[in-house]
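Visitor: I've never looked at this one before. Could you walk me through it, one question at a time?

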Amino acid sequence: MRFKASLAAVAALMVSASAAQADGLHTDWEKFKAGRALHHLSVDGQKAMQDVLIARDLLAQGKTDAAIPPIYDAQKRFVAAQKDNRRFYAAENQLQPAPQHPVSATHKPTTGAVTWIPVGGEFILTETLAPDKKAAAQQANQALKAGQNTQAQQNLQVVGEDADFIIALAPLEQTKSTLYRARVLTEGRQAAQAKEALDQLLDGIVFVSDDFVDQNTAAQTSGKGKAAAPVNVAPASTAKTPATAAPSSAASTPAAPASAPVATPATAPEK
């Protein structure tokens with residue numbers, strides 16, 4: 001009887017240890033996933049997009065003088081972002097827009113293969129998400145908007161696999177050109193037209209899943225920097241509501257007095 005009792009005790013300890021180990025592995029996996037998803041984002045690209053949004057809000061209030069510094073900062077940061085190893089090279093028709101955040105009806109696709117910069121991310125909320133995880137996802141989205149990626153990563157560990165993460169991609173050259181036009185209009189104290197230019201910039205953003213970026217990066221690495229073939233990624237559930245949405249494009253704006261400098265084609269992202 002004592003032998004059987006001892007076996008039972010050992011079995012119970014093994015089950016307990018296995019459960020604890022499984023919990024530990026799950027936690028470690030969530031931390032890894034959180035870091036991997038946010039690692040796709042360009043730090044300079046994120047900051048540049050924050051500058052764009054600040055300038056847009058100021059222009060909406062007619063404050064052209066106050067809007068000039070963040071526009072200058074955004075231009076500098078997009079120049080820095082073109083050297084970021086998180087950029088990748090692809091034609092827009094190779095992208096697979098996230099069904100939870102489709103492009104607007106006024107979105108103008110880019111032509112040919114271009115450089116894309118991951119300028120932001122968003123956790124998708126669903127009705128089935130538990131209250132604590134929904135709150136964590138909302139906090140993560142706010143942290144991402146503020147550029148607080150460490151805080152967003154901590155929230156992602158709470159959310160786990162129950163919320164999809166999508167990434168905002170900006171076409172680099174088109175974005176730089178539109179931003180230049182907004183700068184000229186802002187310096188000319190044409191607040192409404194400058195805001196329209198920034199709306200067009202935001203309208204050019206395409207949201208894709210982080211899995212798509214992951215697979216595209218891997219494909220380009222194996223292709224030694226050449227544009228990768230379209231990557232087949234299963235779309236995420238469509239029964240989701242995005243936490244934020246890019247503003248729609250407004251009326252057409254004057255052409256830029258000069259074109260923005262052309263970036264060197266992107267090479268394969270470094271690992």
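Visitor: Which residue just after helix 6 takes a positive phi?

Guide: Helices here are DSSP runs of H or I with at least four residues, strands are runs of E with at least two, and both are numbered from the N terminus. This is a predicted model, where local features need pLDDT of at least 70, side-chain atom pairs count only at pLDDT 80 or more, and totals for chains, interfaces and linings use all residues. Residues are numbered from 1 along each chain as its sequence is written, and side-chain values use heavy atoms, with hydrogens and water left out. Just past helix 6, the residue with phi of about 60° is Arg 189.

Visitor: Where is Arg 189 found, and how does its accessibility count?

Guide: Its phi is a positive value in a residue other than glycine, and Arg 189 sits in the loop between helix 6 and helix 7. Buried means under 20% relative accessible area, exposed means over 50%, and partly exposed is in between, using a 1.4 Å probe and protein chains only. At 49% relative accessibility, Arg 189 therefore counts as partly exposed.

Visitor: Are helix 6 and helix 7 roughly parallel or roughly antiparallel?

Guide: Their axes are 8 Å apart and pack at an angle of about 170°. Axes are lines fitted to C-alpha atoms, for helices over the stretch in contact, and angles run from 0 to 180 degrees between N-to-C directions. Angles under 35 degrees count as roughly parallel, over 145 as roughly antiparallel, 65 to 115 as roughly perpendicular and the rest as oblique. So helix 6 and helix 7 are roughly antiparallel.

Visitor: Which residues of helix 7 meet helix 6?

Guide: Contact means heavy atoms within 4.5 Å. On the helix 6 side, the residues include Thr 175, Leu 179, Ala 182 and Leu 185. Their partners in helix 7 are Gln 193, Ala 194, Ala 197, Leu 198, Gln 200 and Leu 201.

Visitor: What covers the buried residues of helix 3?

Guide: Among those buried residues are Ile 68, Ile 71 and Phe 78. Their cover includes helix 2, strand 2, helix 6 and helix 7.

Visitor: How many aromatic pairs does the structure hold, and which residues form one?

Guide: Rings of Phe, Tyr and Trp (its six-membered ring) pair if their centres lie within 6.5 Å; planes under 30 degrees apart count as stacked, over 60 as edge-to-face and the rest as tilted. The structure holds one such pair, tilted, at 4.7 Å centre to centre with 40° between the planes. The partners lie in strand 2 and strand 3, so the pair ties together parts that are 42 residues apart in sequence. The residues are Phe 123 and Phe 165.

Visitor: What share of the whole protein is buried?

Guide: The protein comes to eight helices and four strands. Of its 271 residues, the buried share is 42%.
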